[in-house]
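The sequence and structure are shown first.

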Amino acid sequence: MSTATALGAALDRRETTATRLTATSLDLSHRYASDAAMISVTEELALRQAAASERRRELGHPRGPLDGVPIAWKDVFDVRGTVTTSGSAAHADDLPAVNDSYLVRKAHRRGLITLGKTNLSEFAFSGLGINTYFGTPANPFDASLVPGGSSSGSAVAVARGIVPFSIGTDTSGSVRVPAAYCGIVGFRVSAGRYGPHDFAPLSRTLDSIGAFAKTVTDVIALDRALGPGIFRHQAGIPTFVIPAGEWSEDTTPEVGADFAAVVDALRAGGAKVVIRELRSIVAAQTLTDRFGTIVGAEAYQLHHHRLDSSMPLEDATRRRLLDNARTCAGIGAVYAEMPALRDAFAEELAGATLLCPTVRHLPPAIGELRADAGRYDAANASTLRTTMVLSLLGTCGITLPAPAGAGRPPAGALLSRPCHEDDILLQHAAWSERALYKAHSL
């Protein structure tokens with residue numbers, strides 16, 4: 001499947017139809033069913049929406065440039081007539097949703113076609129993407145590797161070409177991480193940019209929505225459809241700040257080499273790239289290392305009742321909940337410091353865009369993690385260590401695939417800005433994508 005913007009242009013030129021695009025997506029969802037990207041496929045709804053889209057175009061009244069383009073939803077969003085499982089066996093037999101979530105309705109009003117619901121880590125509470133009940137979505141580079149989580153199915157569905165767009169949620173890194181591990185673009189939007197958060201929560205303080213696509217151009221097109229409708233522009237070549245310390249230095253050799261190639265490409269394109277310490281990031285990391293994370297505390301408050309119930313619960317989820325049983329006692333210090341840390345972060349960046357590796361290592365092997373609980377939990381923590389602290393700082397962020405060594409997944413290059421600076425972030429990401437493409441094609 002082509003990029004979403006190319007598909008929209010093909011629809012405008014009458015070179016294809018919404019029904020054909022939908023049929024292709026449905027065929028691919030069946031062909032890659034063993035990849036476990038999808039929990040449910042809404043075939044009847046999709047074909048009905050496609051037919052309606054065709055009628056609108058025939059009458060000359062499309063709802064926008066993406067009218068007729070397929071999209072899939074992480075299974076924490078309600079889609080009327082489907083069960084919202086949150087990736088858990090405990091909810092597999094719940095009653096179907098009566099209404100669509102707010103963002104699903106908004107996407108339908110723009111003409112996007114819902115193909116179905118995507119797989120995820122149980123309750124969205126893991127950065128690895130492993131799911132023992134619905135199956136672990138297959139990393140498109142190597143099915144033995146984790147796909148990243150928690151929005152694992154959403155990332156795999158786009159990487160496989162089942163849909164050109166998918167929507168996930170990002171609390172600790174749940175869009176940025178799987179996008180990086182699957183070699184696509186993943187955008188964590190500022191809280192509230194796309195409307196109210198009426199999806200199944202993990203942490204009401206830090207939950208946000210995120211989008212997956214294969215190009216930044218597609219992400220921008222989707223943001224124009226789902227966003228506030230008022231866009232700020234910043235002319236000129238970006239300035240990037242790489243945070244000194246563990247965020248840029250504590251990487252595996254492969255990730256370090258890929259990230260260095262990104263920095264070289266951006267500098268070759270004319271960008272100013274500086275490395276310096278950001279005290280706000282250091283302070284935020286020190287705080288969470290001492291007291292724990294808001295995500296862990298709020299997940300425990302939300303789900304601790306499951307520990308003593310007969311409801312199904314994955315072993316890894318149980319361990320994370322138990323590990324956070326004591327976090328609630330000291331987490332008040334993190335809440336108290338968070339607003340000042342966010343202000344300090346914006347002040348220290350001084351208009352620049354933060355640049356760092358999305359994850360500090362390549363995706364680990366599923367079999368090795370499932371054979372060793374300690375290794376599993378350590379890998380989950382290390383996978384989320386960068387994105388977790390940036391969530392605490394309230395950033396919007398977008399990860400781009402870095403040029404990679406042959407025969408392995410690429411590392412991700414993460415661009416981040418303070419909350420509500422999404423428009424400028426997307427502009428800088430588009431500029432960076434062009435610079436990376438130019439450098440890679442030479």
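## Conventions

Axes are lines fitted to C-alpha atoms, for helices over the stretch in contact, and angles run from 0 to 180 degrees between N-to-C directions. Helices (H or I, at least four residues) and strands (E, at least two) are DSSP runs, numbered from the N terminus.

The model is predicted: local features need pLDDT of at least 70 and side-chain atom pairs pLDDT 80 or more, while totals for chains, interfaces and linings use all residues. Residues are numbered from 1 along each chain as its sequence is written, and side-chain values use heavy atoms, with hydrogens and water left out.

## Packing of helices 10 and 14

Helix 10 (residues 279-291) packs against helix 14 (residues 332-349) at about 160°, with the axes 8 Å apart. Helix 10 is therefore roughly antiparallel to helix 14 (angles over 145 degrees count as such). Contact (heavy atoms within 4.5 Å) involves residues including Ala284 and Leu287 of helix 10 and Leu341 and Phe345 of helix 14. By class, this contact has 10 nonpolar, one polar and three charged residues.

## Nonpolar cores

A nonpolar core is a set of buried (under 20% relative accessible area) Ala, Val, Leu, Ile, Met, Phe, Trp, Tyr and Cys residues joined through side-chain atoms within 4.5 Å. The largest has 57 residues, and Ile167, Leu355 and Ile398 have the most contacts inside it. Helix 17 (residues 422-441) supplies the largest share of this core, seven residues.

## His233

His233 lies in the loop between helix 7 (216-226) and strand 7 (239-243). Its relative accessibility is 61%, so His233 counts as exposed (over 50%). Not counting residues up to four places away in sequence, His233 touches Arg224 and Gln427.

Methods:
Parallel < 35°, antiparallel > 145°, perpendicular 65-115°, else oblique. Nonpolar A, V, L, I, M, F, W, Y, C, P; charged D, E, K, R; others polar. Buried < 20%, exposed > 50% of the residue type's maximum accessible area, 1.4 Å probe, protein only.
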